[in-house]
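Biologist: I would like to go through this model with you slowly, taking a few questions one at a time. Could we start by looking at it together?

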Amino acid sequence: MTTEISSLATLLASHGIELPADQLGLLDRYRILLWQWNSQLNLTRHTTLEKFVTRDVIDSVELATLLKAGERILDVGTGGGVPGLILSILRSDLSVCVCESTQKKAKAVQAMVEELQLPVQVFACRAEKILEEQTFHTLVARAVAPVAKILGWLEPHWPSFSRLLLIKGQRWVEERGEARHRGLLKPLELRRIASYRTPGNDSESVILSIEPSVANKG
């Protein structure tokens, strides 16, 4: 085990995360590639091992526990590949797709997918375009936009997916209020299905589940 992988394993273990050797190796290779590409593009602000683990990995691990076996996932606005690429590393049973409308970022993610040989499809376009032609079980997003804005984008496309999982920080209650005020939650049910603290961050992180209410399903 290289020094870098050993350091990653030790840091993960300190936060209660233990991964098989193959996943650990892929995760470390992804981290290296992400940082290499970040020197050319603005893909991430998490450029220390501590931040990579406490922000990117912990968020993705929490999300991974909420996905059912065999689900088809679309990561909306993946940026540098979080959480989509990490989900693919952690959960080989998932069918993971990611989308990124900034062409240079999408090309970087595609290059990382090819280098890591991950079974991930990369779309260099907005999610709305993909949802016009394809269907998914779950859409996931982190640090893309406020709840109201995301729901506005996706409002016409609910027939193409079953639920939306959003990783959010302390402003989630305020964002929920804005979405309610604009009437975007009337046909939907929003639930907080996970709550956790990320080390070094005083605020709570949550995962919100949004799906059509029972009256609006089918």
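Biologist: How do the residues of the lining of the largest pocket divide into nonpolar, polar and charged?

Modeller: This is a predicted model, in which local features need pLDDT of at least 70 and side-chain atom pairs count only at pLDDT 80 or more, while totals for chains, interfaces and linings use all residues. Residues are numbered from 1 along each chain as its sequence is written, and side-chain values use heavy atoms, without hydrogens and water. A pocket is an open set of points on a 1 Å grid where a 1.4 Å probe fits, with protein on both sides within 12 Å along at least five of seven lines, and its lining residues have an atom within 4 Å of a point. With Asp, Glu, Lys and Arg as charged, Ala, Val, Leu, Ile, Met, Phe, Trp, Tyr, Cys and Pro as nonpolar and the others as polar, the lining divides into 14 nonpolar, 16 polar and 13 charged.

Biologist: Which element gives the most to the lining of the largest pocket?

Modeller: The largest pocket has a volume of about 1,100 Å³, and of the 43 residues that line it, those closest to its centre are Arg45, His46, Arg142, Ala143 and Val144. Two or more lining residues come from each of α2, α3 (49-64), α6 (127-131), β5 (161-168) and α8 (172-181), where helices are DSSP runs of H or I with at least four residues and strands are runs of E with at least two. The element that gives the most, with 4 residues, is α3.

Biologist: How are α2 and α3 oriented to each other?

Modeller: Their axes, which are lines fitted to C-alpha atoms, come within 12 Å and cross at roughly 110 degrees. Leu27, Tyr30, Arg31 and Trp35 in α2 meet Leu49, Phe52 and Val57 in α3, contact being heavy atoms within 4.5 Å, and by class this contact has 6 nonpolar, no polar and 1 charged residues. Angles under 35 degrees count as roughly parallel, over 145 as roughly antiparallel, 65 to 115 as roughly perpendicular and the rest as oblique. The two helices are therefore roughly perpendicular.

Biologist: How is α2 oriented to α5?

Modeller: Helix α2 (residues 21-38) packs against helix α5 (residues 103-116) with the axes 10 Å apart and an angle of about 150 degrees. That makes the orientation of α2 to α5 roughly antiparallel.

Biologist: Which residues in α8 do Val147, Ala148 and Leu151 in α7 meet?

Modeller: The axes of helix α7 (residues 147-154) and α8 come within 7 Å and cross at roughly 45 degrees, so these two helices are oblique to each other. The residues that Val147, Ala148 and Leu151 meet in α8 are Glu175, Glu178 and Ala179.

Biologist: Is the peptide bond from Val82 to Pro83 cis or trans?

Modeller: Pro83 lies in the loop between β1 (72-76) and α4 (84-90). With omega near 5 degrees, the peptide bond that leads from Val82 to Pro83 is cis.

Biologist: What is phi of Gln117?

Modeller: Gln117 has its place in the loop between α5 and β3 (120-123). Its phi is a positive value in a residue other than glycine, near 55 degrees.

Notes:
Axes are lines fitted to C-alpha atoms, for helices over the stretch in contact, and angles run from 0 to 180 degrees between N-to-C directions. Grid points are joined across faces, edges and corners, and a volume is the space filled by probe spheres set on the points.
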